[in-house]
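Biologist: Please take a close look at the sheet in this model. Then carry on from there to the rest of what can be said.

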Amino acid sequence: MNTHQYLRAYMAGSAVPTMMLLVVLSGFLAARYSFAIPIPIERAIIFPMALIPNIFGLWNMAYLWTRPRSHLAIGFHGAILPFFIAPVGFLVATCSGFLAATSNGLVWFHQIVVPYAVLAAAFCLALIAYYLVWKYVVGFFNGVLGIA
Amino acid sequence: MHEEEQKKVADLVKQSLRPMKRELTRDLWPQMLLRLDESSRDRPWYAVLLSPAALSSVPWFDWALLAVLIIGICAFPRSIPVWLYHF
């Protein structure tokens with residue numbers, strides 16, 4: 001089991017957001033068809049579907065590469081990821097035309113206003129979520145694939 | 001029993017017993033790992049992940065962080081679209 005370590009790290013990392021994609025897509029569909037929020041699903045799904053799994057896989061490869069040097073725990077390694085994902089996500093959403101920054105806060109899908117204070121709280125919660133997900137779920141998959 | 005007889009008996013006993021091997025001929029650790037893994041092999045991965053043994057090994061501060069996370073999501077429902085987008 002010592003071959004293709006980085007490939008296995010990529011697969012273990014990308015498994016979690018791939019599974020979460022079903023939840024995300026269900027949430028978008030429910031918002032659009034049940035609550036009549038005009039979410040452009042075909043544009044909004046690009047970031048969670050195409051970029052997030054790849055970023056998770058690459059980040060897990062980076063963990064495997066840096067582990068002998070940094071000795072950083074996998075939970076803290078994962079908690080660093082929102083500092084990279086959040087700006088990229090906002091950039092993609094802004095370029096896709098469904099996110100606008102106003103004086104009151106960020107406006108998602110031309111309807112949902114998220115005040116900046118809520119955004120700051122959400123970011124802190126994201127750090128916790130990523131810490132827990134990376135420590136327990138990605139760490140578990142790393143163990144299953146023999147790279148823990 | 002004289003000393004000579006005792007020595008003779010001791011020699012006979014030594015000759016009849018096979019010499020012991022102090023070193024193991026093979027590594028037993030992989031077999032031990034296989035044996036440990038046998039219990040989890042037949043179960044699906046989510047059953048192993050959520051097993052009582054796995055849950056009991058979670059430290060208390062991680063449970064506290066999970067509680068903060070759930071309370072935070074309930075307190076800021078407007079952040080749910082942001083969450084959906086970034087996961």
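**The sheet of chain A**

Modeller: This is a predicted model. Chain A has an open sheet of 3 strands, paired antiparallel in the order E1-E2-E3. Strand E1 (99-101) and strand E3 (112-115) of chain A are at the edges. Each of these two has a single partner strand, so one side of each lacks a neighbour in the sheet. From one strand to the next, the twist averages 20°.

Take the pairing of E2 and E3 in chain A. Strand E2 (residues 105-108) of chain A runs antiparallel to E3(A), and 4 bridges join them. Two facing pairs can be named. A:Val107 stands opposite A:Val113 in E3(A). A:Leu106 stands opposite A:Val114 in E3(A). In a regular strand, side chains alternate between the two faces of the sheet.

The hairpin of E2(A) and E3(A) has 3 residues between the strands. There A:Phe109 takes a positive phi near 55°. Most residues other than glycine have a negative phi.

Helix H6 (residues 116-144) of chain A touches E2 and E3 of chain A. The direction of H6 makes about 75° with that of E3(A).

A:His4 has phi near 55°, a positive value in a residue other than glycine. A:His4 sits in the segment before helix H1 (5-33) of chain A. A:His4 counts as exposed because 12 C-beta neighbours lie inside 10 Å, and the cut-off for exposed is 12 or fewer. A:His71 likewise has a positive phi near 55°. A:His71 is in the loop between helix H3 (46-70) and helix H4 (74-80) of chain A. With 7 other C-beta atoms within 10 Å, A:His71 is exposed.

Next, A:Ile41. This residue is found in helix H2 (residues 41-44) of chain A. A:Ile41 has 13 C-beta neighbours inside 10 Å, so A:Ile41 counts as partly exposed. Leaving aside neighbours within four places in sequence, A:Ile41 is in contact with A:Phe28 and A:Arg32. A:Ile41 and A:Ala86 are 45 residues apart in sequence. From C-alpha to C-alpha, A:Ile41 and A:Ala86 are 19 Å apart in space.

Now the partner chain. In the model, 19 residues of chain B are in contact with 27 residues of chain A. On the side of chain B that touches chain A, three helices each supply at least two residues: helix H3 (45-49), helix H5 (60-75) and helix H6 (80-86) of chain B. H5(B) gives the largest share of that side, 7 residues. By residue type, the side of chain B that touches chain A divides into 14 nonpolar, 3 polar and 2 charged.

Last, confidence. The model scores ipTM 0.76 and pTM 0.74. Chain B has a mean pLDDT of 78, and 86% of its residues reach 70 or more. Among the elements of chain B, H5(B) has the highest mean pLDDT (89). The lowest mean pLDDT among those elements, 68, belongs to helix H2 (residues 29-41) of chain B. Where pLDDT is low, the predicted coordinates should not be read in detail.

Methods:
Residues are numbered from 1 along each chain as its sequence is written. Chains are lettered from A and ligands numbered from 1 in the order in which they are written. This is a predicted model: local features need pLDDT of at least 70, side-chain atom pairs count only at pLDDT 80 or more; totals for chains, interfaces and linings use all residues. Two residues are in contact if their C-beta atoms, placed from the backbone, lie within 7 Å. Ala, Val, Leu, Ile, Met, Phe, Trp, Tyr, Cys and Pro count as nonpolar, Asp, Glu, Lys and Arg as charged, and the others, Gly among them, as polar. Two strands pair if DSSP finds at least two bridges between them. Axes are lines fitted to C-alpha atoms, for helices over the stretch in contact, and angles run from 0 to 180 degrees between N-to-C directions. pLDDT is the predictor's confidence in each residue, from 0 to 100. A residue is buried if 20 or more other C-beta atoms lie within 10 Å of its own, exposed if 12 or fewer, and partly exposed in between; C-beta atoms are placed from the backbone.
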